Amino acid sequence: MHQPPAVHATGLEKRFGDFRAVAGVDLEVRQGEIFGVLGPNGAGKTTMLRMLATLLPIDGGRAEIFGVDVVREPHRVRQLLGVTGQYASVDELLTGRENLRLFGRLQGLPRADARATADRLLEQVGREAAADKPLSQFSGGMRRRLDLAASLITRPPLIFLDEPTTGLDPRTRGQMWDTIRELVADGCTLLLTTQYLDEADQLADRIAVIDRGRKVAEGTPDELKGSVGESTLQLQLAPGADAALAADVVERVLGRSPVLTPESGRMNVPLPAADEAADVLIALRQAAIGVAGVTVAKPTLDEVFLAITGHDAGEESQTPTDDAPAMEVAR
Amino acid sequence: MSTVDLERPAPAAPRTPTVDPAAAVARARPRTTLAETVSQTLSMAWRALKKMRRNPEQFFDVTIQPLLFTAMFAYVFGGAVSGDVQSYLPLMIPGIVGQTVLTACMATGVQLREDMEKGVFDRFKSLPIARIAPLAGPMVADLVRYLIAASLTFVTGMIMGYSPDGGVLGVLGAVALAIITGWSIAWIFTFVGTLARSAQSVQGISMLLLFPLTFLSNAFVPVDTLPGWLRDFVNVNPVSHLISAMRDLANHGTVSAEVGWTLLAGLVVIAIFAPLSVRSYRRHL
């Protein structure tokens, strides 16, 4: 039997006055996959998601959810998807239990079912959530997970996650990721937006990179990272060290020439495998070049961006994405 | 719904999918039925009542105002309008009821605006529910506030010596009429709530509506003391009809034609402003 894609959008467009927040994006999400939309703040990710979720009118192009037209049949589309927003869309003045019961009742569950579903989801989300106090007293991570639970009440086949872990601590982020993976095991399709390459890498089967309202790249996480190398080696040379000589040494070891910042004695070079950093350091020692600091960083969104678009990811965003995960091995 | 299970699957044995998109598409219906709309509205009213209980300051306007205004207006205007406070009360109490219920309506719009700015309204919009439910739900809950406002005004009046000749039934009828009319007129303020950009501007615009509606009526002074052009406006003002109807009910125990006019005015207001509100809510956010 022919299966329509979970999301099928062509030429999707949104204008705010003269500003084209989404400028003609094609998107196809297959059933059962996790699709990541990666981009900096202000790239148009959330706007795109909101259009697909019937929360914003579509200014141009078409979109279908499981073959159902978003513009013509919004009410049917709303029955097919659950939306978990960037900011927890749960009621702060109600308790977790009351929130889940309300959403269950609103979607037509009989009273007893709504109660049972709420209890079961609360158990899965965590013990804290079951406490009967208003959500305003809960931690951000717990609110976010309750929000996700609220999207699961009617088991919709498609779930939108808008930056599900932005602002969460690493442990809570890990728990969120686990829950997200379990969802797909149940046959859900997931469309998630994120600013973190790391997150897209961990979760997504395929990724679209969005920049200034356009799709600039699409592929598997490996394809995407391949375009910038596995990691980046950043070297800080000791004062007075010969930068040109150091660059030669690095190029001889890695086969690539580093990007130099001569004024500060710093250089960056893509690193195919992290352990090759050791080879570079040994070669530098043998050449008697002093090194003041070494960092091995995974490719950040900034670097992927730089590689794909030729400009900095932070350029158009309100807050720079400087919190991309980095692994420091030495200082 | 018993198939839902979020526990971690054993890594070795991926379980068969429990979500079937094709079945979900087949199940999805194009619009809500009337019964669903009513049930969703009641769920939203339940939410609003819960919030009221946790936010008791929402009751300030409907508790303090009846006490304060009844006493204030009686002692300030009583002598001037009716010769003394006691004979002013039958004229004034229904007027104050109208005024406090209208003020409570205004709060309906302001609170809706505040509420709509919260993240949870995003979820309401994304759910397959009737668009009118998030608007009508809080209004149903606000019936409680209108009830408090209207009853408290009558009680305050009686403590001050007002004895309604219409008896218990007459007073109850007047209170019921005030609540129904309050609910109808609240649609105007709900519309303003969906239209304005901030809660403050809702408050500002609503004040501009509220003052002419209450003071350019027969609430506090006999109409025949007014200049002719003003009398014309006062006579078509639905608030005047409400207040006349309440006076007839509470003071004489009669159901006059004014009751009919009041209900008709309420229906007209709903017929105009409910669709406008839903339309504006759809566009918003």
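How many helices and strands does chain A have? Chain A comes out with twelve helices and 14 strands, where helices (H or I, at least four residues) and strands (E, at least two) are DSSP runs numbered from the N terminus. This is a predicted model, so local features need pLDDT of at least 70 and side-chain atom pairs count only at pLDDT 80 or more, while totals for chains, interfaces and linings use all residues. Residues are numbered from 1 along each chain as its sequence is written, and chains are lettered from A and ligands numbered from 1 in the order in which they are written.

Of the 331 residues in chain A, 47% are buried; buried stands for 20 or more other C-beta atoms within 10 Å of a residue's own, with C-beta atoms placed from the backbone. Contacts are pairs of residues whose C-beta atoms, placed from the backbone, lie within 7 Å. Taking the chain A contacts between residues at least 6 apart in sequence, 67% join residues at least 24 apart. Chain A splits into domain 1 (7-225) and domain 2 (231-297), with bounds from an automatic or database domain assignment. The C-alpha centres of these two domains of chain A are 42 Å apart.

A:Gly104 counts as buried because it has 24 C-beta neighbours inside 10 Å. Leaving out residues up to four places away in sequence, A:Gly104 touches A:Leu109, A:Asp113, A:Ala114, A:Thr117, A:Ala118 and A:Ile153. A:Thr117 is 13 residues from A:Gly104 in sequence, and their C-alpha atoms are 7.7 Å apart.

Where the chains meet, chain A puts in 43 residues and chain B 34. On the chain B side, helix 1 (21-27), helix 2 (34-54) and helix 5 (120-126) are the elements giving two or more residues. Helix 2 of chain B has the largest share, seven residues.

Within chain B, the axes of helix 4 (residues 85-116) and helix 6 (residues 133-141) come within 10 Å and cross at roughly 135°; axes here are lines fitted to C-alpha atoms, for helices over the stretch in contact, and angles run from 0 to 180 degrees between N-to-C directions. That makes helix 4 of chain B oblique to helix 6 of chain B, oblique being whatever is left once angles under 35 degrees (roughly parallel), over 145 (roughly antiparallel) and 65 to 115 (roughly perpendicular) are taken out. B:Thr108, B:Gln111 and B:Leu112 in helix 4 meet B:Leu135, B:Pro138 and B:Met139 in helix 6.

Technical notes. Buried ≥ 20, exposed ≤ 12 C-beta atoms within 10 Å, placed from the backbone. Contact = placed C-beta atoms within 7 Å.
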